[in-house]
Amino acid sequence: AQQQRNLDNIVSQHPRISGGKKPKKEFSASSDLEVKNTSPMSEQDSGILDVEDEDEDEEVPGAQDLVDFSPVYRCLHIYSVLGARDTFESYYRKQRRKQARLVLQPPSNMHETLDGYRKYFNQIVGFFVVEDHILHTTQGLVNRAYLDELWEMALSKTIAALRTHSSYCSDPSLVLDLKNLIVLFADTLQGYGFPVNQLFDMLLEIQDQYSETLLKKWSGVFRNILDSDNYSPIPVSNEDVYKKIVGQFPFQDAELEKQPFPKKFPFSEFVPKVYNQIKEFIYACLKFSEDLHLSSTEVDDMIRKSTNLLLTRTLSNCLQNVIKRKNVGLTELVQIIINTTHLEKSCKFLEEFITNITNVLPETVHTTKLYGTTTFKDARHAAEEEIYTNLNQKIDQFLQLADYDWMALEPGSRASDYLVDLIGFLRSTFAVFTHLPGGVDVHSTMSGKVAQTACMSACKHLSTSLLQLLLEAEVRQLSLGALQQFNLDVEECER
């Protein structure tokens, strides 16, 4: 089955198991039925193709080479001669049912390693290959109906065991190996004529769980990228560095290309890194959907759904956490706004990337859209809100230093110190916006828009707060001198 499916990755990682012969308790004390811990196949038994062993160029042994069936044939012959064939038939079937139950009990730690699963599957395959051989060589000791009934039981028990054990697994690569093993197991038994659709249905459930383990893993990946970023534009010293970054992230800007080196990209390191990790995630999703007998449309849909979860849940949370961090500064917030603008524009390239690897034309079918755009828009709005909140908090800190003498006889000669300092702070803050990279394209307008709104919001907050100062309940009396001083301050703001 392995070679028919060309699934050599499992074989190459784990060479064929050649554990010693493993005795199984059989129905007569004198004869132990020995089953080698492998998946025996025989071309005359089941019509499976002639299969060559990878290591030695010889046929894979069939059931009759690995198991001594003579005690069964002898018993059957003796009982038949004695006219008691029925007794032996029912005895044989009853004993084999008991053994099937033993074989179908998974070891408690099966989920810990791939070998645990492999051993379990090999036992089951071994059992049914032996029964298939008996079916074809004994004219009715077992019949198809008996075998189908046993397989039904085996299938439900196997699926229940796999559901339980796979749910403990948190390592995506182990889940992927398990999936490959289940596909191999299903294909082997299908070769012997057993229906395996339920196994493939269950693999779709495991796919959801695989997707969850991937999301957990990528959550950590994104966190590391965002935590280690310096939130300043990427400097480029020569053509090679420029080409390398443009190779990692779809970015075109005629203005920037014309500029001499050294120059800077408008975005910081996390943009190409996050973009590439989204692509890595898409590849990881694709790996699971291989060999599941799915149409390319179904594969495409599966990948898009998982990628949407990655964007709207995992990446979105990581971005929001960075924005809401205690020590995040204004320059970082502005850089996040620029970065998310670029990532938003790259979503159409991710759409194309998925279409290319699944070969589904977006216009021929109703494909799920990627929700990346909303993810990055939301992050940008959150960063903008954070900028306005930050500014207003800073303004409040300066206003706490306001110390008006409401009964002053004469006004001062100039605006109050606290206000001069506040205006100086605001001036240097808005300088941050104007020094951002990018000529007359989206970045300057982007940060320009944010700067304008921030300026409006700051002025509005300041004027409301000044008015509050004047109308405070504690202020019972005002002298003309105090009012003139206050007026000087308001004029300074206007100026």
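Thr314 is found in helix H14. The model shown here is predicted.

**Around Thr314**

Is Thr314 buried or exposed? With a relative accessibility of 7%, Thr314 counts as buried, because the limit for buried is under 20%. Which residues does Thr314 touch, once its neighbours within four places in sequence are set aside? Thr314 is in contact with Leu215, Trp218, Ser219, Phe222 and Leu309.

**Salt bridges**

Side chains of opposite charge can pair when their charged atoms come close. How many salt bridges does a search of the whole structure find? The search finds 16.

| Asp115 | Arg118 | 2.6 Å |

Where do the two residues lie? Glu212 belongs to helix H10 (residues 197-227) and Arg313 to helix H14 (residues 296-323). The pair therefore ties together parts that are 101 residues apart in sequence. Glu212 is partly exposed, at 33% relative accessibility. Arg313 is also partly exposed, at 34%.

Asp300 is buried, at 1% relative accessibility. Arg304 is buried too, with a relative accessible area of 1%.

Asp115 and Arg118 pair within helix H7 (residues 114-137). The two residues are 3 residues apart, which is about one turn of the helix. How do they differ in cover? Asp115 is partly exposed, with a relative accessible area of 44%. Arg118 is buried, at 7% relative accessibility.

**Aromatic rings**

A pair of aromatic rings is described by the distance of the centres and the angle of the planes. How many aromatic pairs does the structure hold? The structure holds 25.

Phe127 is buried, at 2% relative accessibility. Phe128 is buried as well, with a relative accessible area of 2%.

Phe128 also pairs with Phe194. Here the centres are 5.3 Å apart and the planes are at 70°. Why is this pair called edge-to-face? Planes over 60 degrees apart count as edge-to-face, and the planes of Phe128 and Phe194 are at 70°. Phe128 lies in helix H7, whereas Phe194 sits in the loop between helix H9 (172-191) and H10. The pair therefore ties together parts that are 66 residues apart in sequence. Like Phe128, Phe194 is buried.

Other rings gather in a group. Which residues form one aromatic cluster? Tyr242, Phe249, Phe251, Phe261, Phe265, Phe267 and Tyr275 form it.

**Cysteines**

How many disulfides does a search of the whole structure find? The search finds 0. Cys455 is one of the cysteines to look at. The nearest cysteine sulfur to that of Cys455 belongs to Cys459 and is 4.2 Å away. Why is Cys455 in no disulfide? A disulfide needs two cysteine sulfur atoms within 2.5 Å, and the nearest one to Cys455 is 4.2 Å away. Cys455 is partly exposed, at 33% relative accessibility. Cys318, by contrast, is buried, at 5% relative accessibility.

**A nonpolar patch on the surface**

The last stop is on the surface. Which residues form a nonpolar patch there? Leu478, Leu480 and Leu483 form the patch. Together these residues have about 270 Å² of accessible area. Leu480 has its place in helix H19 (residues 480-494). Is Leu480 buried or exposed? Leu480 counts as exposed, at 63% relative accessibility, because the limit for exposed is over 50%.

Technical notes
Residues numbered from 1 in each chain as written. Predicted model: local features only at pLDDT ≥ 70, side-chain atom pairs only at ≥ 80, totals over all residues. Heavy atoms only, no water. Patch = residues over 30% accessible without salt bridge, like charges linked within 9 Å, V, L, I, M, F, W, Y side chains within 5 Å. Areas by Shrake-Rupley, 256 points an atom, 1.4 Å probe, with all protein chains shown as cover. Salt bridge = Lys/Arg side-chain N within 4 Å of Asp/Glu carboxyl O. Helix = DSSP H or I, 4+ residues; strand = E, 2+ residues; numbered from the N terminus. Buried < 20%, exposed > 50% of the residue type's maximum accessible area, 1.4 Å probe, protein only. Contact = heavy atoms within 4.5 Å. Phe/Tyr/Trp six-rings, centres within 6.5 Å; stacked < 30°, edge-to-face > 60°.
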